[in-house]
Amino acid sequence: MNVLRRYPGGALGAAMLGAIVILAVLAPWLAPYGEHEKVGAVYQPPSPAHPLGLDDAGIDMVTLLLQGARTSLLVGFAAALIAVVAGGAIGLAAGYAGGRTDALLMRLTDYMLVIPDIPLLLIVAAIWGRSMTGVIAIIGLLSWPRLARVVRAETLSVRERAYVRRALTIGAGDVRVVATHVLPHVVPLLLTLAVFAVGNAILVETAIAFLGLGDPSAISWGRLIQNAFAGQAVSRQAWWAIVPPGLAVGCLILSCTLIGRALEEHLNPRLRTGHLSVRTFRLAASGGERR
Amino acid sequence: MSLLDVEDLATHFPLRGRPRRVVRAVDGVSFTVGPGELLALVGESGSGKTTTAQTVLRMADPTAGTIRFGGQDITTLPRRRLKAVRRRMQVVFQDPYESLDPRFRIGRSVAEPLAVHGVGTRAERREMVLSALERAGLAPAAAFAERFPHELSGGQRQRAAIAAALVLGPDLLIADEPVSMLDVSVRAGVLALFDELRAAGLGILMITHDLSTTARHADRVAVMYLGRIVEEGPAAEVIANPVHPYTRALVAAVPRAGEERRPIPILPGEPSDPSAVPAGCRFHPRCPIAHEDCKRHDPALTPVAHEDGMRHDPGSTPVASGRHRAACPVSNPPAVPLEEDQCAPSRPR
Amino acid sequence: MRRGGYLGRRVASAGITIAAAVTINFVLFRAAPGDAATQYQMCRTCSAEFRDYLRAELGLDRSLPEQFWLYLSALLRGDLGFSFQTRRPVWDELMGPLANTVPMVGLGLAFGLALGLLIGVVAAWRRGTAADWAPVSASMFLSVLPIQWIGLMLLLMFGGILPTGGIADPYLRFSDPSWWQVLADRLEHLALPSLAIGLAWCGSWALIARSALVGALGEDYILTARAKGLSSWRIVRRYAVPNSLLPISTLIFLTFGYIVAGSLLVETVFSYPGIGLALYQAVQNRDYAVLQGGFLLLTVAIVLANMLADLLYLKLDPRIRT
Amino acid sequence: MSTPLLEVRDLHVWFGLRKGRVHALRGLDLTLTAGEGLGLVGESGCGKTTAILAMMGLLPPTATLSGEVLFNGENILAKGEVSVRRHRWTDLAMVFQGAMNAFSPVATIGDQIAEPMRLYGVADGKAATRRVHELLELVGIHPDRARRYPHEFSGGMRQRAAIAMALACGPKVLLADEPTTALDVIVQAQVLDLLDRLRAELGLAVVLVTHDLPVVGRVCGRAAVMYAGRVAESAPIGDLHRDSRHPYSRALFAAGEGHFIPGTPPRLDEEPPGCSFAPRCSLTEDRCRTETPPLLSLSSGHDSACHLAASLSGGTA
Amino acid sequence: GGSTTPAPASGTASAGGILSVGVTASLGRMTSLNPLADNLYGSWIARQLIYPALVQLNGTKLEPSWATKWDVSGGGRVYTFHLQPGTWSDGKPLTAHDAAWTAEFELKNAGGAAGLVSFALEGIKSVKATDDTTLVVTYAEPVAESVLTLLANFHVLPKHVYEPHAGGDGSKVLAFRPEDKLPVVSGGPFTVTEFAGDGTTIFEPNKGYFGAKPKVGAVGLQVFQNDEGLAQALRAGTVAWGYGGGSAVAASVKGAAGLDVVTSPSQEVALLNINTNPKKPDHPELREVRVRGAMSLALDRAQLVEVVLNGYGRPGRSVLAPFQDEWIPKDLQPDAHDPAAANKILDDLGYKRGSDGVRRTPKGERMAYTVVVWKEISRVAEILQKNLAEIGVELKPDIASDYTAAVTAPGGKYLDFDLAYSYWTLSPDPGGMLRVYSCDSWGSVNFAGFCDKDFDALLNKQRGMLDPAARAGAVGTLQKTLLRDTRAVLPLYHAETVHVVRKGWSGIETQRFGPGLWTQIQQGS
Ligand SMILES: Nc1ncnc2c1ncn2[C@@H]1O[C@H](COP(=O)(O)OP(=O)(O)OP(=O)(O)O)[C@@H](O)[C@H]1O
Ligand SMILES: Nc1ncnc2c1ncn2[C@@H]1O[C@H](COP(=O)(O)OP(=O)(O)OP(=O)(O)O)[C@@H](O)[C@H]1O
Ligand SMILES: [Mg+2]
Ligand SMILES: [Mg+2]
């Protein structure tokens, strides 16, 4: 309850994400039709039987949205996991070891950061084929560098804390120091980054799908946007095939962003402060505040 | 026999970029700390006090010189074998807010050294932790052990950090500005604790820039300037009769309680830069009494004739001691030839 | 002295990154299944002779180190090779599209920035009020929408009102246009793609601007400025904005590179013949020479943008200037 | 005694927290005459900074304030921000705790010093530049440095430049919040010396906030010892040292000499009745725990808020 | 846009207005006007406007073009073409020698680097110019006249322009780009004054053209990156003719004011090939004709037509396309969609469904296959997947980055793939398509891995049958062998050729190809 009041945005995000996850998990039971099942004319407008109409293959949009949530979430979470594990490990190693290791790893990270990601994606996906695992791996590999940077910076700062230096001077080994002092400190940050990474991965997935480089047999929200474009939903004024998947993606990523920001604020309450505001102190009605 | 014996210690840090330059943070420092002795290392910010301590702790690598601890040369001891030494040499940092892991209860922080060194059983450790906390003045120890750092005041935190340093029963404590971040009202308590520990035989190397503290608690004081010790000797004597112009400025600058306004000698120029150490006497660019020779000759520490000391502060009690040395030939002409016993390591009172 | 060192180090690091990009570029394409000649689109059904001819022409019949050497020496001469598909120099193939993309991204950037910074400054200034909450929520939502979807929505809304594809009216020259007609035509064609870019990015920029500003507003010098009796507006203008501009401006420079590289999605939606689309087509046609060249070009562009961002920082922030 | 230049009467400040609030100032009374140096001393958290900020009207929006701050008899807080802004920098200027960061890193020191002059029409154009140079010289910084950026200054120089900035519009009162805490002893001595000179030479009234009693003597003739948002004792420095009439002041002096004060400072979110120092005081009597002692004048210029003030005469603890 | 810029279709600068032709990139992009270097459809369209061809096509019928008439001799082996005198746009004479040179060059390089267009000269032994206006074409074997339709794709190049680049093994000519020097040397009704293979190429009338003068001021061939772009442009009025825009564009502009959707009989065929290679190690059941029959019955061709072709097409009936109706036996009709019957066949064969709904062969192998497709047809793959799932066959689409390689692997032996999707746009003569399933094509485009001696013998024989009726009989037999006897290939659908034309233009006859079409188009009637 308290958390709710403190981070209303985060709570809203969590609720949205929760709802989407539940819908996705229950999709096979909730979906009214088959995801390949033609249930009416192509681009049939919304009707009581099909509240969001049919797509360019005469498939029920509600069904597609429900099924698409599964893929989008799977890609989001799996890719974020890769990014978190890789980025966390590399950031931690670079920040803690320092020196040459740090320089080497950061050089790699810098390189990964300047790689134009969408073209790389295009090339890798085109050359090595399209599969769900491929898409997840590519997104994960594209996302870790940002994480690694932040984790490294944080590790560097923890490393300089007196309690870490003290642990070292009493003769504690690196493994021990990392495990007991550094990692626990970095975990909340990593969690925050992970939440953002989920959102980002979902966004990148829509790009991959839009370019037709996604897994051909998986229906994701990105794929629905692509279908709408390829199926000329715009010229055919079939807004019901365009608007819902975009809004769905937006809500999903927004929920991640909201949660991430709440976590961030929780970790760093300084984000809330500031000296300047249009409002200044209040004057108590004379004597009123005294007792 | 002295506990810690540092000779000609130098620690340089290479700077990035060209031309290659080094920061001569510590540049030829010698001192000793005996059991039960408190040596205060004072000096302006950036003079290399912390670096000296870090080097002694082998957290920074010495460029030259030797560090002997309990008679053993630890200057180049490999990390593995350092562990045994570290058990006997503990450290307390300046910032009481950062020296305890905020996620650990005090008890666990204090017990960490025991865990690292695999000392005792669980029960034994608990005993040791509680007694350390009590020694550090945190009573009831059992209650404090259960608290988190944020539930303690600054002074209490610093005591907890000291307890963690004491739990292994070390011979030497290195304290880097242990009270400068504490409120006036609690400083005295922590310093009194040091006095107690010292009485029990613990050698302490304390870094500080607070001369009034030094005068009250230290046996001996070493004044650092730009990586060197410029004056060294029994605390009372050095503060009463500062010889080196830098020490004099330092002493004069200290505000004294209850005193009325008085003129302050001001050192000209900016704090010095250890990556560009001036030739000759390091202090000469800011020295009010520098002359030509100072630009060429880098003076060594030489014993102070106490008559000389008396001349500067006639009101003070003359303390005749060859252990007071300074590195300024101008204010301190080498009247007394160097004798062997004067170079011998100083002993605790 | 220090400045020269900083510059030198920055340039060296950019050089290393580019060298890495060159190597990876080479490896990436050699590691692809099937060599370039078999991947060649026209060769889906072409004869073995033609394949051999292509292999020889592309130097694929040589050993890998030899190929790498050839590749490097050609690069040093500024030669990116020849397109498999058109047999024109890759450089010529890419420069046109790149020249189309830059104004589109530039205009989008300008639009997004103007809007984003405005929102960000107002929100930061009115922190905690409705004037903060509403634009921040809107920005947040904009920033999470897929750009291609924003493009589709624009198509849906503006199709028929503004040109929805291409870069210019190809037949304009027959009506003997004046220079402003030509310009107006270009701007019309730029409108929707640029708007899409602007909308897709202004949200993030607003959020960045806001948080940078809020950060700056928490600094001690702001309190000092208030103590000096300066008005809030003056404080925002003279103290908060210049200080938060530092992180913002470099960040924007950085994103420019990525937007150019990522322009593909917008260009696809609006059939805009830019660099992204050129690469996309190269992928479709397995035109590895163009792909390789384009990828390198974009990497270099981003590295340069990063470097410029650093130099800008150098210029803006007196702390590193000396 | 001449009429007070600045007078603080019964100043209360509350800070709203997420839960409850903190009563940081609990009826602060201070007077300051022109050219006088007043030291404001006390443990961390006793409300020194809050007092200074309140006088400048710079409290954050979470703060609620009551009481009066009279400048030349006018209550400058009467209309909040509107009325106080007119007095900022021209009448009241301040140097902050950690004034190291008082300068925006992207503008030159000179510009930042000149800004309020131009704004308030004190000087502009060449005149402003000249005045900036004068001010910098006054604080011992070479005028050439006006065109430098803050990061090119050392900590001590920045602190001195901050003082120069505070003097820009010729204020009558300088409020200096721990201007020397972060500095080296030698630099600290320089800065204190500068403040003293300004006071003596320019007739500036100075309020010097510090938790270090000895520092006060360098600049101020009088000091007010604060405890828990209120003045415990206010007296000329000499009296305070030799003839303190409040156990807390005595304890504070003793702390400087190596005797710590037992217990912890009071929590400001609770308001138990009685003297707030009572739980730590060695002389506590029953009424100390129930009755809040008022700040009473013992002799001219010596006030104490202790029930036992009268019985405390002679010598320090 | 329509409201803000003047619609070019009504441009006034050149008399006759500008014919703006829009085409999607997948169909109409080109890389060069040099036919030896670019065999993309887009440049084939362009070639019709600038390079003379002996004959042109109206549907499946031959019409005169540069050749006003032709004689047959030698029992169908020798064709003599009588050409109109003319000049190239640079003033050099356009003669039979240009044609002979072009043909000989292409024949010499057939199969080589510069052999991309030599398919048009298939079966020809020699091409000789007897004088400036007479060209003698000699075939190795007798051919029916309809085989000459291929010659509509033979574009005569200016010898004086190309010859300097055509030395050595002929590969150097690939680097020659006529569009580098504008206007290009043209012998057709137009010449190119602006070239952009991915953008808009502008054609302006060639003053020296021997034939009828164009009635438009200029033709623009504008390439759109996707269907959506073309549809938008058609609606906005910036494009007058959506060239072969396809069903998707047609569907999305249907009902829009001012636009007509013009269809002509399908020239296209989409096929599902089943790998019948007896050496393929796995899935022997795919070599069982009844299994293939069951799969055919499972396919819902009507849904394919509705979803994939937006209704503009027909269920797949043969490997030949509906515009070759005269060559397709009347009794060869599309298989009905009858999953029940299909299931029964498989049940009878003893292929039981497993718990996952997928059938097992008696050996216990799952009936799970991959189908090699390319990206554009994901919808087709989805429908096939669903159709076959209904009969317990699992299908997994494999989007091949290198299509031919994926199908023929390893090394042209067809040992790997199970099913493959293929799509062909046919030329009028039926022989070409049937040849795809001959042993000659084994290892390349014969995606069914089909090789049959008798089939090949009949295939070779029909080519020389000058009697259309007899030839039709043979062609019918060949089709039935493929589609009924062996069912090695399952026709899926035939897409109608769909054009979208803005009202107010006349002469756009969409089944016509060649200069004649482009010179007859005009604004107004
Ligand atoms: N790792 C390092 N690399 C480069 N220079 C260093 C490093 N550590 C310290 N220095 C430099 O060495 C000099 C001495 O630093 P040190 O921290 O020992 O001073 P200090 O006397 O402890 O000062 P303070 O009183 O401010 O703590 C300083 O100029 C500092 O900038
Ligand atoms: N913005 C704020 N919100 C809530 N409480 C505050 C705020 N500012 C100060 N306080 C509280 O008011 C009390 C007085 O704070 P103040 O900063 O005035 O102390 P101080 O005497 O200046 O201490 P120090 O010596 O540490 O600077 C403290 O308990 C502090 O926690
Ligand atoms: Mg230090
Ligand atoms: Mg304060």
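This is a predicted model: local features need pLDDT of at least 70, side-chain atom pairs count only at pLDDT 80 or more; totals for chains, interfaces and linings use all residues.
Visitor: Let us begin with ligand 1. Which residues are the closest to it?

Guide: B:Ser45, B:Gly46, B:Lys49, B:Thr50 and B:Thr51 are the closest. In total, 13 residues surround ligand 1.

Visitor: Which atoms of B:Gly46 and B:Thr51 face an oxygen atom of the ligand, and at what distance?

Guide: For B:Gly46, look at the backbone. One of its N or O atoms lies 2.7 Å from an oxygen atom of ligand 1. For B:Thr51, look at the side chain. There an N or O atom is 2.4 Å from a ligand oxygen.

Visitor: Now ligand 2. How many residues surround it?

Guide: There are 14 around ligand 2. The closest are D:Ser44, D:Gly45, D:Lys48, D:Thr49 and D:Thr50. D:Lys48 brings a backbone N or O atom to 2.8 Å from an oxygen atom of ligand 2. D:Thr49 uses its side chain, with an N or O atom 2.5 Å from a ligand oxygen. The side chain of D:Thr50 also has an N or O atom 2.5 Å from an oxygen atom of ligand 2. On its own, ligand 2 has 630 Å² of accessible area, and the protein covers 68% of it.

Visitor: Which helix gives the largest share of the shell around ligand 2?

Guide: Helix H1 of chain D, residues 48–56, with three residues. The whole shell divides into six nonpolar, six polar and two charged residues.

Visitor: On to salt bridges. What is the general idea?

Guide: Side chains of opposite charge can pair when their charged atoms come close. This structure holds 68 salt bridges over all chains.

Visitor: Where do D:Glu115 and C:Arg234 lie?

Guide: First, the pair itself. D:Glu115 forms a salt bridge with C:Arg234, with the closest N and O atoms 2.8 Å apart. D:Glu115 lies in helix H3 of chain D, and C:Arg234 in helix H10 of chain C, so the pair joins two chains.

Visitor: Are those two residues buried or exposed?

Guide: Both D:Glu115 and C:Arg234 are buried. Chain D has another case to inspect. D:Glu81 and D:Arg88 meet through their side chains at 3.2 Å, N to O. D:Arg88 is buried, because its relative accessible area is 1% and the cut-off is under 20%.

Visitor: What about E:Lys386 and E:Glu390?

Guide: They form a salt bridge, with the closest N and O atoms 3.6 Å apart. E:Lys386 is partly exposed at 22% relative accessible area. E:Glu390 counts as partly exposed too, at 32%.

Visitor: Which residues are linked in a network of salt bridges?

Guide: A:Asp55, A:Asp56, A:Arg223, E:Arg379 and E:Glu382 are.

Visitor: Next, the backbone. What should I expect before I look for exceptions?

Guide: Most residues other than glycine have a negative phi, and most peptide bonds are trans. Now the exceptions. B:Asp8 is not a glycine, yet its phi is positive, about 50 degrees. B:Asp8 lies in strand E1 of chain B. D:Trp89 also has a positive phi, near 70 degrees. D:Trp89 is found in the loop between helix H2 and strand E6 of chain D. At 0% relative accessibility, D:Trp89 counts as buried.

Visitor: Which residues does a cis peptide bond join?

Guide: E:Leu182 and E:Pro183, with omega about -5 degrees. E:Pro183 is in the loop between helix H4 and strand E10 of chain E.

Visitor: Last, the surface. Which residues form a nonpolar patch?

Guide: A:Ile22, A:Leu23, A:Val25, A:Leu26, A:Trp29 and A:Leu30 do. Together they have about 620 Å² of accessible area. Helix H2 (8–25) and helix H3 (27–30) of chain A each give two or more residues to the patch. H2(A) gives the largest share, three residues. Take A:Leu23 as an example. A:Leu23 sits in helix H2 of chain A. At 41% relative accessible area, A:Leu23 is partly exposed.

Methods:
Residues are numbered from 1 along each chain as its sequence is written. Chains are lettered from A and ligands numbered from 1 in the order in which they are written. Side-chain values use heavy atoms; hydrogens and water are left out. Patches are made of residues with over 30% relative accessible area and no salt bridge: like charges are joined within 9 Å, nonpolar side chains (Val, Leu, Ile, Met, Phe, Trp, Tyr) within 5 Å. Accessible areas come from the Shrake-Rupley method with a 1.4 Å probe; for residues, only the protein chains shown count as cover. A salt bridge is a side-chain nitrogen of Lys or Arg within 4 Å of a carboxyl oxygen of Asp or Glu. Helices (H or I, at least four residues) and strands (E, at least two) are DSSP runs, numbered from the N terminus. Buried means under 20% relative accessible area, exposed over 50%, partly exposed in between (1.4 Å probe, protein chains only). A residue is near a molecule or strand if one of its heavy atoms lies within 4 Å of it. A polar contact is a pair of N or O atoms within 3.5 Å; within protein, one must be able to donate a hydrogen and the other to accept it, and residues adjacent in sequence count only if both atoms are side-chain atoms. Ala, Val, Leu, Ile, Met, Phe, Trp, Tyr, Cys and Pro count as nonpolar, Asp, Glu, Lys and Arg as charged, and the others, Gly among them, as polar.
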